[in-house]
2 protein chains.
Amino acid sequence: VIRREGERIFDYEDPQGFEPLRRSIAQVLCSQGLGATANRILVTSGSQQAISLVARLLLREGDTVLVEEPSYGAALRLFRAEGLRIVGVPVDRDGMRVEEMEPLLQRHRPGLLYCTPNFQNPTGTCLSAPRRLRLVELAVRYNLPVLEDDYVGDLRYDGRALPCLKALDRSGAVIYVSTFSKMLMPGLRIGFILADGPVLALLTDRKRTTDLSSASLPQRVLCAYLSVGRYRRHLRRCRALYRGRRDAMAAGIRRWFPAGTSFAVPAGGLFLWARLPGGLRCRDIARGAAEAGVAFRPGRESFVGEAGGDRWMRLNFAANDVPVIEEGMRRLGLCVRAARRAAA
Amino acid sequence: VIRREGERIFDYEDPQGFEPLRRSIAQVLCSQGLGATANRILVTSGSQQAISLVARLLLREGDTVLVEEPSYGAALRLFRAEGLRIVGVPVDRDGMRVEEMEPLLQRHRPGLLYCTPNFQNPTGTCLSAPRRLRLVELAVRYNLPVLEDDYVGDLRYDGRALPCLKALDRSGAVIYVSTFSKMLMPGLRIGFILADGPVLALLTDRKRTTDLSSASLPQRVLCAYLSVGRYRRHLRRCRALYRGRRDAMAAGIRRWFPAGTSFAVPAGGLFLWARLPGGLRCRDIARGAAEAGVAFRPGRESFVGEAGGDRWMRLNFAANDVPVIEEGMRRLGLCVRAARRAAA
């Protein structure tokens, strides 16, 4: 790309993002059933900047944001840093309990719902089809902007894909965000927003005042790589690889962790969400795990309040290969057993 | 860098910035008389993100920010987007009129002063040494955080460098921001903040919640390039080049613009700030200039209010080579003459 494009790569880029890249992203989205065009896409520095731009556009200090509970820790930290009130909607095995939303909408009048319908972060659950429909209805009825974070929507290992909220929405209430950090590489720092009308224009203005534009070179590099066919092939390889890693992690937990540890095998995504046995908390095993060289995210980071959250751990199965996962689960299982004995 | 560092370049980077790059930046700053260490530096996506992070950390909607008037248009747009009250301090040939600040401080109690002491954007003036000392005194006395934007401090063509505000400040009131966009290339999107103590830690937290980290590859590439010796050599080449372009632009204006056009030749930086003759405004020549293929920044973008600002134009002399500048000044001069005739 450097050889071909020369000095242009060193200049400012279009604040909305390199136009051919936006076209490629739109094609990938269309191939996944999500109507999209280049002019409805804003390229961002990862999905974190996308979430930040949307939150700052739609909410002011003291406003309320509705989130799944548990939710993505970095989004919660962002909302706290912006001085927002955060209200959680519980998650069960079918994703967010949409049927509990209406009283919360009436009581808290939130300015935004932030949610990850596919392979929810951290629980790995998927929002069921009826709940998706109900959620979009509620958004329209209550004039509630919805920020749909589809960070790993296409990393599905079992079952069939469900339509995105954005694909179900005719009103423009849903703002769709995704990223190439998970599917390709986080160091690119390329995410994007798909939104409609004045919201997209206002977000582009914000992007400009925030950092003028994202770097040109990574956008041109990604654009040179990204075609529907190539993305699909890459996705196929990733799915096969990550499915095996997921299964290795599930087997490792069953083998090495004490009875009473509970988890569900997620149908996609990157994370396995496991509950420690017998009242143990992540705090109780943090030192042992660090000494054993095993890293995980403590569940408390994913909760609005802290009560009980630390009995859960988020384990990333995508980032290591099978032998490392097997050894990691063995070591972590021993830590948990040791912590249980110490507590007994 | 890709070959040498392998897949690490594709991972998340330290939110504070690639540590060896921060060390190189600190060395460059030290060579310019500004005491700096790697742990006091935060790498940002250009200086625009740096300004945005500082404004959002220190100010809330409705708070007051003090700026030079005229000032950098993109910073003014950012402050407006954040809902800030903007109060201007006039600029004369010795930079901001610091002696007029005290009543403004008492009356408006600003939460921040944003200023560009070297080759002020857009006027090209430098803040005089006595005013620098007085400004730092005032900042300490009034507990006023100062955001010093030194975007082209080292692009000096005549005279001797003056110490940065940050170098004069013992209190930590001054937050220093600069960028590699002007000296090297904007497409890198690498700027940085030099700040002290808790302010730097809070800014790093903000950076993390805003976009997790800046991309790794451009940071590692810049780091591989950046050494004190190499930066100095590059600076010497740029200075010689840009000095010639500045002089060509000044000669072109003298030759082609009608009498009554006024400007001062700046001692450094990128811009020449020229006043149109006889009440003409940028609006009056905008269409003609566009048709002639000549671009400039209308002065109104640099003013807090609009009154009178549009009689000024900001001309960039660094971005084109001498023949292009000569032809551009010829065409623009003809536009101005035509507009004058039309107005007469």
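Reader: Which ring does the charged end of B:Arg314 sit over?
Author: The ring of B:Phe271. The distance to the ring centre is 3.7 Å. Keep in mind that this is a predicted model.

Reader: And where does the charged end of A:Arg314 sit?
Author: Over the ring of A:Phe271, 3.6 Å from its centre.

Reader: OK, aromatics. How many aromatic pairs over all chains?
Author: There are 16. One of them joins A:Tyr151 and A:Phe271. Their ring centres are 6.4 Å apart and the planes meet at 20 degrees, so this pair is stacked.

Reader: What parts does that pair tie together?
Author: A:Tyr151 is in the loop between β6 (146–149) and α7 (165–168) of chain A. A:Phe271 belongs to strand β10 (residues 271–275) of chain A. The pair therefore ties together parts 120 residues apart in sequence.

Reader: Is A:Tyr151 buried or exposed?
Author: Buried, and A:Phe271 is too.

Reader: What about the rings of A:Phe180 and A:Phe192?
Author: That pair is tilted, because the planes are at 45 degrees, with centres 5.9 Å apart. A:Phe180 sits in the loop between β7 (174–179) and β8 (191–194) of chain A, and A:Phe192 in strand β8, 12 residues apart. Both residues are buried.

Reader: Which residues do ring pairs link into a cluster there?
Author: A:Tyr176, A:Phe180, A:Phe192 and A:Tyr231.

Reader: Switching topic. What rotation superposes chain A on chain B?
Author: 180 degrees, with 0.0 Å of shift along the axis and an RMSD of 0.0 Å. That is how a two-fold axis relates copies.

Reader: Why do the copies meet through the same surface?
Author: Because 100% of chain A's interface residues are also interface residues in chain B.

Note on methods
Residues numbered from 1 in each chain as written. Chains lettered and ligands numbered in written order. Predicted model: local features only at pLDDT ≥ 70, side-chain atom pairs only at ≥ 80, totals over all residues. Heavy atoms only, no water. Least-squares fit on C-alpha atoms with pLDDT ≥ 70 in both. Contact = heavy atoms within 4.5 Å. Phe/Tyr/Trp six-rings, centres within 6.5 Å; stacked < 30°, edge-to-face > 60°. Helix = DSSP H or I, 4+ residues; strand = E, 2+ residues; numbered from the N terminus. Buried < 20%, exposed > 50% of the residue type's maximum accessible area, 1.4 Å probe, protein only. Lys NZ or Arg CZ within 6 Å of the ring centre and 35° of its normal.
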